[in-house]
Amino acid sequence: MTIKPYPAHWEAVADLRVFRTTAEEWQKLLGWRADMRKRGWKLLRVSSDGPEMVAIFGRTKTDRPTL
């Protein structure tokens, strides 16, 4: 996939992470997905690109932890 799997305006307001895997592996990642939510990431979209699952996680830029 050469086109970004999310609208361009999302980048202006959120940090984004794109994760690609197979449908079978996606089902096995329940714990990892829960950990992402605990860290403030929200699952914004899940779609398929041929045999791959494409998941987009986002966190608003104002929600970033400060160090």
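In what order do the 3 strands of the open sheet stand? The order is E1-E3-E2, and the pairing is antiparallel. Strands here are DSSP runs of E with at least two residues, helices are runs of H or I with at least four, and both are numbered from the N terminus. Two strands count as paired if DSSP finds at least two bridges between them.

The model is a predicted one, in which local features need pLDDT of at least 70 and side-chain atom pairs count only at pLDDT 80 or more, while totals for chains, interfaces and linings use all residues. Residues are numbered from 1 along each chain as its sequence is written, and side-chain values use heavy atoms, with hydrogens and water left out.

Strand E1 (14-22) and strand E2 (42-49) are the edge strands of the sheet, each pairing on one side only. On average, neighbouring strands in this sheet are turned by 20° against each other, direction ignored; the axes behind such angles are lines fitted to C-alpha atoms, for helices over the stretch in contact, and angles run from 0 to 180 degrees between N-to-C directions. E1 and strand E3 (residues 52-60) run antiparallel and are joined by 9 bridges. Val18 has Ile56 in E3 standing opposite.

Thr21 also belongs to strand E1. Thr21 has a relative accessible area of 12% and is therefore buried (buried means under 20%, exposed over 50%, partly exposed in between, with a 1.4 Å probe and protein chains only). Neighbours within four places in sequence aside, Thr21 is in contact with Trp26, Pro51, Glu52 and Met53, where contact means heavy atoms within 4.5 Å.

Tyr6 is located in the segment before helix H1 (10-13). Tyr6 counts as buried because its relative accessibility is 12%. Beyond four places in sequence, the contacts of Tyr6 are Glu11, Leu16, Val18, Arg45 and Ile56. With Glu11, the side chains make a polar contact at 2.7 Å (a pair of N or O atoms within 3.5 Å; within protein, one must be able to donate a hydrogen and the other to accept it, and residues adjacent in sequence count only if both atoms are side-chain atoms).
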